[in-house]
Amino acid sequence: MRIDQWLSLLIIALMMGAFVWGRYRYDVVAAGSLLAAVLVGIVPAKEAFSGFADDIVIIVGSALIVSAAISRSGIMDIALRRLSPERRGPRTQLIILVVIVAILSAFIKNIGALAIMIPVAIQMARKSRVSPSMFLMPMAFASLLGGLMTQIGTSPNIIVSRVREEITGQPFTMFDYTPVGASLAVVGLIFLATCYRLLPDRVREETSLDEAVKIKNYTTEARVTAPSVAVGQSISWLQKPAGGDAMVTGIITEGGARRKPLPDMMLKDGDLLIIEGEQAALDRMVSEGKLRLSDRTLGTSNGKLLNTVEAIVGEHSRLIGLSAKDVALFENTGLNLLAVSRRDKRFTERLGEIKIRNGDVVVLQGDLQKLPDLLREWGCLPLVERNLKLGSVRNGLVPVLILVATMGATAFGGVPVATAFFAAAFLMVLTGSAPLRDVYSHLDAPILIMLAALIPISDALKTTGTTEVIADLLSRTAEMLPPYGALALILVAAMAVTPFLNNAATVLVMAPIAATFAEKLGFQPDAFLMAVAIGAGCDFLTPIGHQCNTLVMGPGGYRFGDYARLGLPLSIIVLLVSVPMLLLVWPI
């Protein structure tokens, strides 16, 4: 081996060691490894930042925006209720999630299936008071397993089919992958449902401040109007989406009379509801009941971008002792009072009539550019910025339709995945499904930096000829093994290589090697090509070999070494099941 080949292997080995050590964050390790590769000359300086234009970075970044828009739409809240998490334990919820993701991944791109279900998993975890890390990595692994079942489930299957066509003149068909892929999916899902405890509980560091601001007794008011689906429904029906975290505390009829909010009381057009609870629960009641927040200004006002903030009323605030109605808050400032919270206090009066006191927490909506000055003028201090939905506008089915169209375009329209997901993210912003002011907060910069830095290092394996050396070593080793051993070696090699070449590149490198090797030994190439596809589609050991693993790393708060804790035994299971199944279905 040449010196540049040794250097490329050394840098990768040191990088992996640093990832597992965990002393420095993964993006810092990746950036340092890239600089080292440039300094020793295995990555040309002009190619150092080529990773930022790579499809994987575009796919992951776009998928994060798409997933956030799906979450914001409120559709996932409805799906969550259908799954009735309040009547099921976390383990049952995990089984439901991994099965759904696996089935979806068989028919749409696995990263798309995962992007759809991540918001559901996060809400389930919050509802069940468990860490999202319990759900997200098993779901990512389930998406990889589900993608093995059909030709369109994952990119390696498509590429292997083309390689077979070049070799034999006949490509694999849509469901040629199903017998082996379905067996792996069933066994893998059983493992994930029973051995998820191998994962440590992780909490995303960035959410710690958000969790610290936990206000449970906001009071708001909303009106039942003719278009509302709540007309003719009971109070208990309206409160169901809140899951016990919000309740109706008062009803004022259109004529001004007050009614006691009994659970079976039917709502009428024009009723004004006094509602108390957590902000997110209030939002679910308002949005799913299609209620109208009092004096609410929707979307944009005269082209101005509106934002919703939480603020605490300061000691010298001009609002103290006054109500929103007293100071004509909306008319004089454009600020819309959406909710009020006071420690150990349940309000029965209308929102605009509540006398503000020092220390009250208010939710205000107004012009994004003017909000800081208005808050300062009224002596209100903004709390830590959180993702507030109360008072915002959702586009319902629009983001779901965009995602369905994206999946259809990638599966049947021949549109590249990166292009399709970038277009989907753009349409999410254009339609307001993902507000422009929030877009960049959804992009997980450390993850994207890590990917962009690692891609040139991975390319160095090919440009230095290291992959050819490895391929030659594999071929010479496999010649000394029995058929099942040779098949297992090809599968293990594909699993080992895919974290550094990404799954598509792994197939392009390993498939010709596997076919040539089979030809030399007088074997049929089908089982070996299938082994390459399975190995390339089953990176369970790292967050960098497949974009599905990368996608859950940030939301799950995972560390690099966490993947091997669950992924190593799963990889062994895949190996043990794959080899006999391949020999059974594709005799050599």
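Which residue in β9 is the bridge partner of N336?

1. Before you start. This is a predicted model, in which local features need pLDDT of at least 70 and side-chain atom pairs count only at pLDDT 80 or more, while totals for chains, interfaces and linings use all residues. Residues are numbered from 1 along each chain as its sequence is written, and side-chain values use heavy atoms, with hydrogens and water left out.

2. The strands around β8. The bridge partner of N336 in β9 is Q365. Strand β8 (residues 336–341) and strand β9 (residues 361–367) run antiparallel and share 5 bridges. Strand β1 (residues 218–223) is also antiparallel to β8, joined to β8 by 2 bridges, and T219 has V340 as its bridge partner in β8. Strands pair if DSSP finds at least two bridges between them; helices (H or I, at least four residues) and strands (E, at least two) are DSSP runs, numbered from the N terminus.

3. Covered elements. Because 6 of the 6 residues of β8 are buried, this strand is largely enclosed by the rest of the structure. Buried means under 20% relative accessible area, exposed over 50%, and partly exposed in between (1.4 Å probe, protein chains only). Helix α22 (residues 547–556) is mostly covered too, with 10 of its 10 residues buried, including C548, L551 and M553. Just after α22, look for G557, which takes a positive phi of about 65 degrees.

4. Salt bridges. The whole structure holds 10 salt bridges, each a side-chain nitrogen of Lys or Arg within 4 Å of a carboxyl oxygen of Asp or Glu. One of them joins D526 to R164, with the closest N and O atoms 2.8 Å apart. D526 belongs to helix α21 (residues 526–537) and R164 to helix α8 (residues 155–168), so this pair ties together parts that are 362 residues apart in sequence. Both D526 and R164 are buried.

5. R346 meets E276, the closest N and O atoms being 3.3 Å apart. Since R346 is in the loop between β8 and β9 and E276 in strand β4 (residues 272–277), the pair ties together parts that are 70 residues apart in sequence. R346 is partly exposed, at 45% relative accessibility, whereas E276 is buried at 11%. K325 and E353 also form a salt bridge (3.4 Å, N to O). K325 is exposed at 56% relative accessibility, and E353 is partly exposed at 35%.

6. Aromatic rings. There are 7 aromatic pairs, where rings of Phe, Tyr and Trp (its six-membered ring) pair if their centres lie within 6.5 Å; planes under 30 degrees apart count as stacked, over 60 as edge-to-face and the rest as tilted. F523 and F528 are stacked because their ring centres are 6.0 Å apart and their planes are at 10 degrees. Both of these residues, F523 and F528, are buried. Elsewhere, F141, F540, Y558 and Y563 make up one aromatic cluster.

7. Charges over rings. R318 lies over the face of W378, at 4.6 Å from the ring centre. The charged end of R23 sits over the ring of Y24, 5.2 Å from its centre. The rule is that NZ of Lys or CZ of Arg is within 6 Å of the ring centre and within 35 degrees of the ring normal.
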